[in-house]
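Have the model open while you read.

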Amino acid sequence: MHQQTPLPALPPDPDLDALRLELARLRAARGWSYDELAARSGLARRTVIEIEQGRTVGTLKTWHALAHTLGTPFDELFATLCRGHDLPGPSGD
């Protein structure tokens with residue numbers, strides 16, 4: 001009889017709301033308007049608004065520009081995607 005290898009568990013969904021809320025928090029902490037963040041990052045105002053309001057996810061290039069503009073390490077910003085669930089990697093089993 002042939003045994004099937006069990007499929008790995010699917011990863012949890014990323015917390016996109018936490019990511020956009022962190023963007024809003026970082027922008028507000030600097031006292032910047034959408035216009036100011038857009039001008040400093042080289043992004044369109046509409047792009048900044050749509051990302052922060054959850055209408056679009058944005059590209060890695062866009063998030064990279066936002067992280068640099070806000071002076072926040074990219075990996076720390078994106079760590080918000082995994083809040084509330086275990087991070088990938090070896091477990092203690």
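How many aromatic pairs does a search of the whole structure find? It finds two. Here, rings of Phe, Tyr and Trp (its six-membered ring) pair if their centres lie within 6.5 Å, and planes under 30 degrees apart count as stacked, over 60 as edge-to-face and the rest as tilted.

| Pair | Centre to centre | Between planes | Type |
|---|---|---|---|
| Trp63 and Phe78 | 5.8 Å | 90° | edge-to-face |
| Phe74 and Phe78 | 4.6 Å | 25° | stacked |

A quick word on where this comes from: the model is predicted, so local features need pLDDT of at least 70 and side-chain atom pairs count only at pLDDT 80 or more, while totals for chains, interfaces and linings use all residues. Residues are numbered from 1 along each chain as its sequence is written, and side-chain values use heavy atoms, with hydrogens and water left out.

Trp63 sits in helix α4 and Phe78 in helix α5, 15 residues apart, so their pair links distant parts of the chain. An α-helix has 3.6 residues a turn, so residues three or four places apart point the same way. Put together, Trp63, Phe74 and Phe78 form one aromatic cluster.

Are Trp63 and Phe78 buried or exposed? Both are buried, whereas Phe74 is partly exposed, at 30% relative accessible area. Buried means under 20% relative accessible area, exposed over 50% and partly exposed in between, using a 1.4 Å probe and protein chains only.

Now for the rest of α4. Its buried residues are Thr62, Trp63, Ala65, Leu66, Ala67, Thr69 and Leu70. What covers them includes α1 (16-29), α2 (34-41), α3 (45-52) and α5 (74-78).

Leaving out residues up to four places away in sequence, Leu70 touches Leu23, Leu26, Arg27, Arg30, Trp32 and Leu37; contact means heavy atoms within 4.5 Å. Leu70 and Ser41 are 29 residues apart in sequence, with their C-alpha atoms 8.6 Å apart in space. After α4 comes Gly71, with a positive phi near 65°.

Technical notes:
Helix = DSSP H or I, 4+ residues; strand = E, 2+ residues; numbered from the N terminus.
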